[in-house]
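Welcome to this guided tour! Open your viewer, get ready to select residues by number, and follow along stop by stop.

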Amino acid sequence: MRMKIITAVATACLAGTTLAFAAGANPTKDDAVAMVKKAVATIKADGVEKAYAAISTTEGKFVDGEIYIVVQGFDGVTLAHATNPKLIGKNMIDAQDVDGKFFAKGLVENGQKQASFWYDFKFVNPATKKIQVKDMYCETVNPTVVCAGVYRP
C-alpha cells in the first residue's frame, strides 16, 4: 500500500498535477502561483506568439479546474485567456466586477509597480458558474501581467 501511495505522488508530480485536485479538494493559492510560474517560464522560453497560443488552448496545460491563465497587456487588452477565447483582443480596462471595482485597471496599476502581487475581485467561477471573490496572483512580464487565481468559497 505504501508503495502505491509513493507511486501516486510521483506520478502526480511528474504530470504537473496535484493530488488535491485528483481528490476533489479545492485548489490553493500555491496552485495559482505554480500555474503563473509555469506560464511565465513558457513565455520566456517560447516567445509570446507561441506561448499565448498554448495558453489560449482551453483544454491545454494552462487550465486546471478553476485555475487558469490570463495575460493582460498594460493597455488593458487581453492577450491570452485559457478559458474564454472571446476575450482575447478585447480591452478590459473599464470592466467592473459586480461591486463596481475596475479589476482590469487594478491589475495593470499593480503590474506597473510590482514584479508580483495578489489582487482580489468578484468574478464568475467557471467551475461553479457562481460569482465569487477571486484571489488573483500575477507576475509582471513587461508590458503585461500574467495571472491565475483561486476562488474563495
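Strands here are DSSP runs of E with at least two residues, numbered from the N terminus. With that in mind, select Glu 139, which is found in strand 6. Keep in mind as you look around that this is a predicted model.

**Stop 1: Glu 139**

Is Glu 139 buried or exposed? Its relative accessible area is 12%, so Glu 139 is buried, since buried means under 20%. Now show side chains. Glu 139 has a polar contact of 2.6 Å with the side chain of Lys 37, and another of 2.7 Å with the side chain of Tyr 137. The residues that Glu 139 touches include Val 36, Val 40, Ala 115 and Val 146.

**Stop 2**

Zoom out and switch to a cartoon view. You will find an open sheet of five strands, in the order 4-3-7-6-5, with antiparallel pairing. Select strand 4 (78-81) and strand 5 (116-124): these stand at the edges with a single partner strand each, so one side of each has no neighbour in the sheet. On average, neighbouring strands are turned by 25° against each other, direction ignored.

Next, colour strand 5 and strand 6 (residues 131-141), which pair in the antiparallel sense over nine bridges.

**Stop 3**

Which strands does helix 3 touch? Select residues 29-46 to see: helix 3 packs on the sheet and touches strand 3, strand 5, strand 6 and strand 7. Then select helix 4 (residues 48-55), which lies across strand 3, strand 4 and strand 7 and runs at about 50° to strand 4.

**Stop 4: salt bridges**

Side chains of opposite charge can pair when their charged atoms come close. The count of salt bridges in this model comes to five. Start with Lys 122 and Asp 99, whose closest N and O atoms are 2.9 Å apart. Lys 122 lies in strand 5 and Asp 99 in the loop between strand 4 and helix 5, so the pair ties together parts 23 residues apart in sequence.

Now pick Asp 120 and Lys 101, which meet in a salt bridge at 3.5 Å, N to O. Finish with Asp 135 and Arg 152, where the closest N and O atoms are 2.7 Å apart. Asp 135 is buried at 9% relative accessible area, whereas Arg 152 is partly exposed at 36%. Select Lys 101, Asp 120, Asp 135 and Arg 152 together: salt bridges that share partners join them into one network.

Methods:
Residues numbered from 1 in each chain as written. Predicted model: local features only at pLDDT ≥ 70, side-chain atom pairs only at ≥ 80, totals over all residues. Heavy atoms only, no water. Pairing = 2+ DSSP bridges. Helix = DSSP H or I, 4+ residues; strand = E, 2+ residues; numbered from the N terminus. Axes fitted to C-alpha atoms, helices over the stretch in contact; angles between N-to-C directions. Contact = heavy atoms within 4.5 Å. Buried < 20%, exposed > 50% of the residue type's maximum accessible area, 1.4 Å probe, protein only. Polar contact = N/O pair within 3.5 Å; in protein donor to acceptor, adjacent residues only side chain to side chain. Salt bridge = Lys/Arg side-chain N within 4 Å of Asp/Glu carboxyl O. Lists of a residue's contacts leave out its neighbours within four places in sequence.
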